[in-house]
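Subject: Structure handover

Hello,

Below is the structure I said I would pass on. My notes on it follow.

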Amino acid sequence: MREQMVAEQIEARGVKDPRVLAAMRDVPRHLFVPEAEREAAYDDRPLPIGHDQTISQPYIVALMTELARPSPTDRALEIGTGSGYQAAVLGKLVAEVYTIEIIDELGRDASRRLEKLGYGNIHTRIGDGYGGWPEQAPFDLIVVTAAPDRIPPALIAQLKSGGRLVIPVGAYYGAQELQLVRKDEAGRTRVEDVAPVRFVPLRRRDGK
Ligand code: SAH
């Protein structure tokens, strides 16, 4: 089913990076969704993971991963651990993954799941990812899987020169745009619109 998912949902829509395709074939997505959703794990859509949150559609995970241009020596940051699936895909492709989840129960479950599946290079933290993970910065790539209404400045600051930030930006369930932010060697950033998307909102711990 994973082979078919990659061929029909991901390659067919233009994702080409062979390492990304291999990671999508490799990570057992059905082990990242709740029991009740297991049969739908390889469907072409997002799925509920509890707490009103979702695991993204496989194609969107692949697209965001390709846009981040992961390489084996990279250090990656993810905001919005959720099930841990996107972190697991990144974990196959980079040296270290740091991932932050704001909902305690989701963060704890993901951490346990990733440990059980043997992803020793994924480091989890529970908290508000709006401020990034300063102790582990800077990062070669940052993937944000919940949408803020504008790009959090701390994430730009924690991106290395040459680094890539992939992030959905826009109002809650309104028009969000997946954006690719690139920082050049001089530290200047360029923002590119990639595709309209629909993500859950990036929450703030202080309620803002
Ligand atoms: N990447 C996940 C999908 C996550 S859905 C996966 O592969 O399963 C988005 C997640 O972002 C939710 O779990 C939500 O609780 C979390 N989130 C929302 N706001 C956040 C914040 N400020 N900091 C960290 N996580 C946040």
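The model has an open sheet of seven strands with mixed pairing, in the order β5-β4-β3-β6-β7-β8-β9. Here strands (E, at least two residues) and helices (H or I, at least four) are DSSP runs numbered from the N terminus, and two strands pair if DSSP finds at least two bridges between them. β5 (122–126) and β9 (189–197) are the edge strands; each has a single partner strand, so one side of each has no neighbour in the sheet. On average, neighbouring strands are turned by 15° against each other, direction ignored.

This is a predicted model: local features need pLDDT of at least 70, side-chain atom pairs count only at pLDDT 80 or more, and totals for chains, interfaces and linings use all residues. Residues are numbered from 1 along each chain as its sequence is written, and side-chain values use heavy atoms, with hydrogens and water left out.

β8 and β9 pair in the antiparallel sense over eight bridges. Leucine 180 stands opposite glutamate 192 in β9, and arginine 182 stands opposite arginine 190 in β9. Five residues lie between the strands of this hairpin, where glycine 187 takes a positive phi near 85°.

α5 lies across β4 (96–101) and β5, and runs at about 165° to β5. Contact means heavy atoms within 4.5 Å; axes are lines fitted to C-alpha atoms, for helices over the stretch in contact, with angles from 0 to 180 degrees between N-to-C directions.

The largest nonpolar core has 48 residues, and Ile10, Met24, Phe32, Tyr85 and Val89 have the most contacts inside it. Such a core is a set of buried Ala, Val, Leu, Ile, Met, Phe, Trp, Tyr and Cys residues joined through side-chain atoms within 4.5 Å; buried means under 20% relative accessible area, exposed over 50%, partly exposed in between (1.4 Å probe, protein chains only). Among the elements giving two or more residues to this core are α1 (2–11), α3 (58–67) and β8 (176–183). The largest share, seven residues, comes from α3. A second, separate core of 18 residues includes Trp133, Val144, Leu155 and Leu159.

Regards
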